[in-house]
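Hi,

Here is the structure I promised to pass on. Have a look, and my notes follow below.

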Amino acid sequence: TQRRLNNKLTVGIIINMLSVTNIFACAIALLGCTIAQAFVVTHSSSKPIMRMSQDRNKKRIASLAGDDDDEEVHQTEKEGAVRFLGKGAHAVVREGVVLVAPSHEYNHFLMRSAVFVHGIGINDYGEHVTRGVIIDHPTAFTMGEMGGGSITGVLAHNMLFQGGDNGNDSCILLHPYGNHAIFQGEQESQQQSMIGTSGIYEGGLMKLMDEADEGNIDPNGCKFFFNFVEFTDSELASLLESEDSDGDAWASVEAPPSIILDNDWNRGDAW
């Protein structure tokens, strides 16, 4: 009798383990499909938020960044330097900068993080928000594994990074090839627009997949992010004003594409 009970118990454990494994596999498969569908939608439409006009944005950048000029910005990018733009309430926040968390930040996603700001504008709820992706939180999966078949060829081997906890399970593709010859002559709707003065662009998945397969671009320059972080103006102000007794607070820096788009970062490396 005891032997039969042990056998039943063993079989029950195995069945439960298989059930959990199947559930996990199904969840991963569904997540992959969701990412693939959201990815196609994101990059076949306009930007995810309504951005300010170029002229208005330039005036805002000038007012926030002081007397910065284009020559200095491009020189910073060329040299691969990281340029400090302020800390706490004095931190410059605009598209293309990186926000670096203080040591006392304990939010699960934001602790020991470096956030690249890729969009500032109005969201679907009419709120003025700042959006960014955490540049050094890799997942354990490649785009080929999580793309549901929509990401093929060389780019399928690129790692997927966890950009944040917002975004309706969508993916964002960032790269430095917006001024590359591969995008010359494209229709206006497909032309690339630089994010701030960062030298980084968003979208262009199909074109980049083809060019990577043909060896015309370095696939390591393409970086995929699952979701993003989003702050309303009041949330961002509260975040920046949080300062510990040693004066440590969120800081703003300008960093070259080689740092932001590095596909080899582990969690906290860029921080």
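Which residue lies over the face of F161? K223 does, at 4.3 Å from the ring centre; a charge counts as over a ring if NZ of Lys or CZ of Arg is within 6 Å of the ring centre and within 35 degrees of the ring normal.

Before the rest, some ground rules. This is a predicted model, where local features need pLDDT of at least 70 and side-chain atom pairs pLDDT 80 or more, while totals for chains, interfaces and linings use all residues. Numbering runs from 1 along each chain as its sequence is written, and side-chain values use heavy atoms, with hydrogens and water left out.

Back to F161. The count of aromatic pairs comes to 1 (Phe, Tyr and Trp rings, the last by its six-membered ring, with centres within 6.5 Å; stacked under 30 degrees between planes, edge-to-face over 60, tilted for the rest). F161 and F225 make up that tilted pair, 6.1 Å centre to centre with 50° between the planes. F161 sits in strand β7 (residues 159-162) and F225 in strand β10 (residues 223-232), so the pair ties together parts 64 residues apart in sequence. Strands here are DSSP E runs of at least two residues, helices H or I runs of at least four, numbered from the N terminus. Both F161 and F225 are buried (under 20% relative accessible area; exposed is over 50%, partly exposed in between, with a 1.4 Å probe and protein chains only).

D169, in strand β8 (residues 166-175), is partly exposed at 32%. Its C-alpha is 6.6 Å from that of F226, 57 residues apart along the chain.

Lastly, helix α5 (residues 205-213) has L205, L208, M209, E211 and A212 as its buried residues. Just after α5, G215 takes a positive phi of about 80°.

Cheers
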